[in-house]
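Me: I would like to learn how to read a structure like this one. Can we take it feature by feature?

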Amino acid sequence: FRGFRRDAHPMAVMCGTVGALSAFYHDSLDITDPKHRMVASYRLIAKMPTIAAMAYKFSIGAPFMYPRNDLNYAENFLHMMFSNPCEEYEVNPILSKAMDRILILHADHEQNASTSTVRLAGSSGANPFACISAGIASLWGPAHGGANEAVLNMLEEIEHPKNIAKFVQKAKDKDDAFRLMGFGHRVYKNFDPRAKVMHQTCHEVLGELGITDEPLLDIAVELERLALEDDYFIEKKLYPNVDFYSGIIFKAMGIPTSLFTVLFAVARTVGWVAQWNEMVEDPSQKIGRPRQLYTGETIRAFVPQDQR
Ligand SMILES: CC(C)(COP(=O)(O)OP(=O)(O)OC[C@H]1O[C@@H](n2cnc3c(N)ncnc32)[C@H](O)[C@@H]1OP(=O)(O)O)[C@@H](O)C(=O)NCCC(=O)NCCS
């Protein structure tokens, strides 16, 4: 961790530290050995929340908190995030349940970009730590895992419910690259079923924490209403996706925006590891090799450099 700048984005730290696990665990790198594969899988799933919380503590210059064996996975993450050596953080069961739900809902989702990336990297026989690091890189982008962070940035930019109509208009404008973050999905062309659970969880968390006047939630609810009534969004079947509400929940829990995608990576590691194992165990598995079709110019006259 000390090799990183304190102001590094935690996803940059995650790419580096998870990939670096292969430099430490030489006893679980032989992918042809089922015991090695199992140990590497356990290590990855177990260490992700610790590395994520450490990336956060490092960014704020606070001491690392180690996991506790008496806490479950979600509780441990909250403990490592919010405890400090002088004061134990008492884990709120509603928050740990919400965290658990978020982790479960994000655990796997067939061949999304990051999972396919993990498989493609692994298809060459690369070690699992390197493959998961590749998955983290793919997850980082705003069209994939970065969307919940982008949702919150967008809500902050909208600033007030009175500005929503202007932003909806921008999203509909063909000449404007702006899109409503947290809307639309490559696969779900109807409502995202995970968003329903997230919506309910969001209200449970805000109720528990006594947050009734969270302006960002007001904007989120109003934005959802306006977009769902708008012909453009109805025709194109653009519904709120899972990222739309998860950002608000994380914010209410006190998790900084820059850590949202990191949490997605923690959850998705379970799916990545399972998919990687399934692929490596398949005796017919071959290296992935997407083909490329050349559709450019055919014969062109050579133009000397000084005449171009
Ligand atoms: C998720 C996403 C990348 C899926 O894209 P896709 O299935 O390839 O859909 P396309 O990019 O082809 O878009 C289809 C049409 O809907 C429009 N559209 C898609 N998502 C939109 C959004 N969030 N806001 C406004 N318009 C949107 C596109 O402009 C396009 O319009 P056109 O047909 O007039 O050109 C896309 O919906 C998006 O960028 N959403 C916002 C980011 C996000 O929430 N990502 C998290 C996914 S879990």
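Me: How many disulfides does the count come to by the rule?

Reply: A disulfide is a pair of cysteine sulfur atoms within 2.5 Å. By this rule the count is zero. Take Cys-15: the nearest cysteine sulfur belongs to Cys-131 and is 14 Å away. One caution: this is a predicted model, where local features need pLDDT of at least 70, side-chain atom pairs count only at pLDDT 80 or more, and totals for chains, interfaces and linings use all residues. Residues are numbered from 1 along each chain as its sequence is written, and side-chain values use heavy atoms, with hydrogens and water left out.

Me: Is Cys-15 buried or exposed?

Reply: Buried means under 20% relative accessible area, exposed over 50%, and partly exposed in between (1.4 Å probe, protein chains only). Cys-15 has 17%, so it is buried. Cys-86 has 75%, so it is exposed.

Me: Which atom of Tyr-232 lies 3.0 Å from a nitrogen atom of the ligand?

Reply: Polar contacts are pairs of N or O atoms within 3.5 Å; within protein, one must be able to donate a hydrogen and the other to accept it, and residues adjacent in sequence count only if both atoms are side-chain atoms. For Tyr-232, it is a polar side-chain atom. Gly-182 uses a backbone N or O atom, 2.9 Å from a ligand oxygen. In Arg-186, a side-chain N or O atom is 3.3 Å from an oxygen of the ligand.
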